[in-house]
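Please examine the sequence and the structure shown below.

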Amino acid sequence: MTDGHGAGAAGADTTAGGDGGDGTPGAERLAGSDERGPRDGYGRVFAVAEFRAVFVAHALSLLGVVVSEIALTVLVYDLTGSPLLSALAFALGMLPYLVGGTLFAGVADRYPPRRVLVGCDLVCAGCAALMALPVTPVAGLLALRCLIAAVSPVFNGTRMATLTDVLGDGDLFVLGRSLLRMVSQSAVLVGFGLGGVLLTVVSPRGALVITLVTFLASALLLRAGTKRRPARGGERGSGGAGEGETALLRYSLAGAREVLGHRRMRALLLLLWAPPMFVVAPEALAAPYAEQIGVGTAGVGLLMCAMPVGTIAAEVYAGSALTPATRSRIVLPLAATTLLPLLAYVFAPGLAWALPALVLAGAGSAYTLGLDRWFVDAVPPELRGRAMTVHTAGLMTLQGVGMALAGLAAEFFAVSTVVAGAGALGTVCCLLLVREVRSTGRPGASALPNPETGADRYVTGG
């Protein structure tokens, strides 16, 4: 994930703690540093050779995950004939995130990042190889799916933290994160369709062999295309040689407590988590809503695609056309209003109104570009791997919870009512979190208790 350009990028503004009078930390400093830089947006990020390696590796591993999800769901159904077990094979891609992101978060800071990234890819490749074996039973397939999901938050958190080494923790980091996010959204648009076509050519176990190849290719790219860097956390919390897994567990949990126990980091995390938790409702209920308004299976596909289209379009525009200071200024207004378009569902609109509402809701996610910058500024370097892992684990877990709650509510209320209710309740939550983020942006609000000394220290972001 890194390149010689990363060292130069690190010279960009990296301080935090002050605010711009509206709770937007460092807006003036951004205007004084990043805004004077080149205005070619994403082109600056692709100029960094290490980022190009990380980007391609991300696309490959994501392709592997998408193919494995489809292939495993079909394979389990073929073997058991059980819709429940087939759905469970898909759901297990989300459920273990909380466990992996909490118990194994310390790996991201305790070991050299390149070793962690390559190791995670090799573990996933090994799981895919075992899943592709004809002798692997259904229980083994589900267990291996859980293992891949438990490793994912460690991989994603390490990669996010390492982007600050590759690109610095200024505007290039924000644009790099945005590009990786857009790849993930694009996978929603095209990945499942391509996977479905692939399964008409090869068997599900054959598709899992393709997954194995993509993970191995990702590992090779990361090993050859990124620099070796020391562990971010140094010797801190590593414990004695005999403590082993217990020391790692303590180190992971201590990092999670430190992140969630710090008021500003907690507020920023919750604002990163809350909109996605509520905005998944229309996607989770796309099929029953299409039935409610009578648009058939074609309508389901359009309802599923609308939000990713809005997300990608808004991120491309914000990343390429807006200055860092402007992206910082729009964080709180966008976060407060991103769920409001879902209120259109209260009228049970047809596709002509539902699709624009979903595109607008997806476009509101552009608030994350500025919020990513605030978060990385708030987290001290030695904690970033664990903080990013907790962020990834919480994001995926709460989206799963949001889907489950939306499905449960739809058992008792009309789908349109559930989606509109998610928009209303989510907006209230976001407004409260916006108020908290604004409050914690005041000078002196980022004092971070030192778990070893009990004293306060102040986060400087790098």
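How many disulfides does a search of the whole structure find?

## Cysteines

The search of the whole structure finds zero disulfides, a disulfide being a pair of cysteine sulfur atoms within 2.5 Å. Cys-127 takes part in no disulfide, and the nearest cysteine sulfur, which belongs to Cys-124, lies 6.2 Å away. Cys-127 is buried, with a relative accessible area of 3%. Here, buried means under 20% relative accessible area, exposed means over 50%, and partly exposed lies in between, with a 1.4 Å probe and protein chains only.

For Cys-430, the closest cysteine sulfur is that of Cys-429, and the distance of 6.9 Å is too far for a bond. Cys-430 has 0% relative accessibility and therefore counts as buried.

## Basis of the description

This is a predicted model, in which local features need pLDDT of at least 70 and side-chain atom pairs count only at pLDDT 80 or more, while totals for chains, interfaces and linings use all residues. Residues are numbered from 1 along each chain as its sequence is written, and side-chain values use heavy atoms, with hydrogens and water left out.

## Helix α9

Helix α9 covers residues 138-167. Helices (H or I, at least four residues) and strands (E, at least two) are DSSP runs, numbered from the N terminus. Why should the 30 residues of α9 span 44 Å? The expected span of a helix is 1.5 Å times one less than its number of residues. The end C-alpha atoms of α9 are 43 Å apart, which agrees with that expectation.

At Ser-152, α9 bends by about 25°, and a proline, Pro-153, follows within four residues. The bend at a residue is the angle between axes fitted to the seven residues ending there and the seven starting there. Because 25 of its 30 residues are buried, α9 is largely enclosed by the rest of the structure. Just after α9, Gly-168 has a positive phi of about 80°.

Met-160 is a residue of α9 and is buried, with a relative accessible area of 6%. Met-160 and Arg-177 are 17 residues apart along the chain, and their C-alpha atoms are separated by 7.4 Å.

Helix α4 comprises residues 49-80 and contains Val-76. Is Val-76 buried or exposed? Its relative accessibility is 0%, so Val-76 counts as buried. Val-76 is 62 residues from Val-138 in sequence, yet the two C-alpha atoms are 6.5 Å apart in space.

α4 packs with helix α11 (residues 204-225) at an angle of about 160°, and their axes are 8 Å apart. That angle makes α4 roughly antiparallel to α11. Axes are lines fitted to C-alpha atoms, for helices over the stretch in contact, and angles run from 0 to 180 degrees between N-to-C directions. Angles under 35 degrees count as roughly parallel, over 145 as roughly antiparallel, 65 to 115 as roughly perpendicular and the rest as oblique. The crossing of α4 and α11 is left-handed. A crossing is left-handed if the near helix is turned anticlockwise from the far one by less than a right angle, and right-handed if clockwise.

## Helices α13 and α22

Helix α13 (residues 263-279) and helix α22 (residues 415-440) pack with their axes 9 Å apart, at an angle of about 160°. They are therefore roughly antiparallel to each other, and their crossing is left-handed.

## A loop residue

Ala-348 lies in the loop between α18 (331-337) and α19 (351-363). Most residues other than glycine have a negative phi. Ala-348 has a positive phi of about 50° although it is not a glycine. Ala-348 is partly exposed, with a relative accessible area of 33%.
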